[in-house]
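Colleague: Before I use this model, I would like to know what stands behind the words in its annotation. I will ask about them one at a time.

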Amino acid sequence: MTWSRGHTQSALAALLLGLAGVWLVFNTEWVDVNVPPELRGPAKTDPLYTFKRFAGQLGVELATPDNLDHLPPPGATLVLSSRFWDLFPERDAALRRWVEAGGHLVLPDQYRGSKLAWTTIRSVPPPATKPPEQRPKPSSAASPAGDDDDDEDAEEDASPVASSPPPHPNAPRSAMPLPPRAKPPACPGFVEPPSVLPAFGAHRRYASCGVSGATLGSSAPPLWAVDNAHGHVMLRVAVGQGTVTAANSGLPLYGATLLENDEALLLTAALRLARGQQLWLITDEKREPLLAALWHGGAPAILLGALALGLALWRAGVRFGPRIAPAATARRSVAEQIRGTAAFIAHRGGRALHQAELRALDALARSRVPGWDALIVGERAAALAPRVGIDMHTLARAMNPELSRHLPSALMLLETARRRLLLNANPAPASMTTNPDIPPAA
């Protein structure tokens, strides 16, 4: 067996794969990570899904109206987290009357007492924290060499990383000491002060990671509260026959935070959840869209206005054709022409028919003979005679009904002149049409 170039390439590839595997073994770390299951259905789309299931297990009657147009029944609990609940000025007075009649109002998440001064609850800014004072170290000359305090300070300042010898510069990374991992800070939690009645029979501490803001204070004695290191972060006071609970820490209403630590207990204590309780949760001030509201409130007026507008546009619009189809053009028959002429003569006389024939001849001659309108009857006959082949004197007598002895012959002569002028025919001999009583051939 001979060693070929292909064997050399295979050996180099195997060596590279082996070195890569060794590097992965010494430079990677395999750990198990808990991946939460993917949310599906309502749990993925509804942020209040966990709270709704929790309230249902407790037997609470939960309602989530879109706005504060209507208040809950007396004795119910109202969680008001909408920013625009005071959209109408009269709502503040109505809400106060409802609370004084026995309602329980809950104001979560960064309470601001400026809008609800009648609750007597106000925000108190947290006290300013002072930086820790550093204790000056005594000099070596002023303290003995074997002072125990110096030894304790040295032990406190020393750390495992600092006390270990520095690694060699050429040492592998796996042999270098790793810094200690910082532990996640524990939730500070809240505690019920001894001056209030506990929510569950005994004063207890709630392990909660809710972010707390400024503390709360009130001129009225608290009925229930939870405190942090600076003061009340949740406070309940009496207002008339009802109560108001305000919170400057986040209540676990949204997401799955309710399932962590003591969030469920803290929420139960803040809302006083119990079986059969009516709980209203208002998170937003939703309104019907403008177009839908206009339709629901004035549909008849909108329909009539749209109908009137449509009729006005139809009347003022440009038409694509005449309202009535035009009659087909056709040439009238001779019998119809004779009947029409006879009816015209019977109603208006022969003189009107002669005038109509002259107007027809004038309308045609005006476009054929220059200066036609400025000529008198004799001049018109002289200008027209050579063009139509009719004697000038005969044409002049036909154009003047006073001189014509036979009206039908004059009408025929004028019509002959009009047709010849229209066809621009060659002039005929004058001897053919010298007698006005005998019309020339057409």
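Modeller: A kink of about 100 degrees lies at Gly298 in helix H8, shortly before the proline Pro300. This is a predicted model, in which local features need pLDDT of at least 70 and side-chain atom pairs count only at pLDDT 80 or more, while totals for chains, interfaces and linings use all residues. Residues are numbered from 1 along each chain as its sequence is written, and side-chain values use heavy atoms, leaving out hydrogens and water.

Colleague: What does the angle of the kink at Gly298 compare?

Modeller: The bend at a residue is the angle between two fitted axes, one for the seven residues ending there and one for the seven starting there. For Gly298 that angle is about 100 degrees.

Colleague: How do you know that H8 falls short of a straight helix?

Modeller: The expected span is 1.5 Å times one less than the number of residues. For the 27 residues of H8 (290-316) a straight helix would reach 39 Å, but the end C-alpha atoms are only 31 Å apart. Helices here are DSSP runs of H or I with at least four residues, strands are runs of E with at least two, and both are numbered from the N terminus.

Colleague: What makes you call H8 hardly covered?

Modeller: Two of its 27 residues are buried. Buried means under 20% relative accessible area, exposed means over 50%, and partly exposed lies in between, with a 1.4 Å probe and protein chains only. In the protein, 28% of the 442 residues count as buried.

Colleague: Why is Arg91 called buried?

Modeller: Arg91 has 7% relative accessibility, so it counts as buried. Arg91 is found in helix H4, residues 90-100. Leaving aside neighbours within four places in sequence, Arg91 is in contact with Leu68, Asp69, Phe84, Trp85, Glu285 and Arg287; contact means heavy atoms within 4.5 Å.

Colleague: How many residues of strand S10 are buried, and on which faces?

Modeller: Six of the six residues of S10 (242-247) are buried. Gly242, Val244 and Ala246 lie on one side, Thr243, Thr245 and Ala247 on the other, and both faces are covered. In a regular strand the side chains alternate between the two faces of the sheet.

Colleague: What makes S3 and S9 partners of S10?

Modeller: Two strands pair if DSSP finds at least two bridges between them. S3 (104-107) and S10 have four bridges, in the parallel sense. S9 (232-239) and S10 have six, in the antiparallel sense. Opposite Val244 in S10 stand Leu105 and Val237. S9 and S10 also form a hairpin with two residues between them, and Gly240 in the turn has a positive phi of about 65 degrees.

Colleague: What is remarked on in the phi of Thr120 and of Asn261?

Modeller: Most residues other than glycine have a negative phi. Thr120 is not a glycine, yet has a positive phi of about 65 degrees; Asn261 is not a glycine either, and its phi is positive at about 50 degrees. Thr120 lies in the loop between S3 and strand S4 (121-124), and Asn261 in the loop between S10 and helix H7 (263-271).

Colleague: Why is Asn261 called partly exposed?

Modeller: Its relative accessible area is 49%, so Asn261 falls in the partly exposed range. Thr120, at 30% relative accessibility, also counts as partly exposed.

Colleague: Which residues does Leu265 touch?

Modeller: Not counting residues up to four places away in sequence, Leu265 touches Phe200, Arg204 and Tyr206. Leu265 lies in helix H7 and is partly exposed, with a relative accessible area of 31%.

Colleague: What is behind the crossing of H12 and H13?

Modeller: H12 (392-399) and H13 (407-423) pack at an angle of about 115 degrees, with axes 9 Å apart. Axes are lines fitted to C-alpha atoms, for helices over the stretch in contact, and angles run from 0 to 180 degrees between N-to-C directions. The crossing is left-handed: the near helix is turned anticlockwise from the far one by less than a right angle, whereas clockwise would be right-handed. Thr394, Leu395, Ala398 and Met399 in H12 meet Ala410, Leu413, Leu414 and Ala417 in H13.
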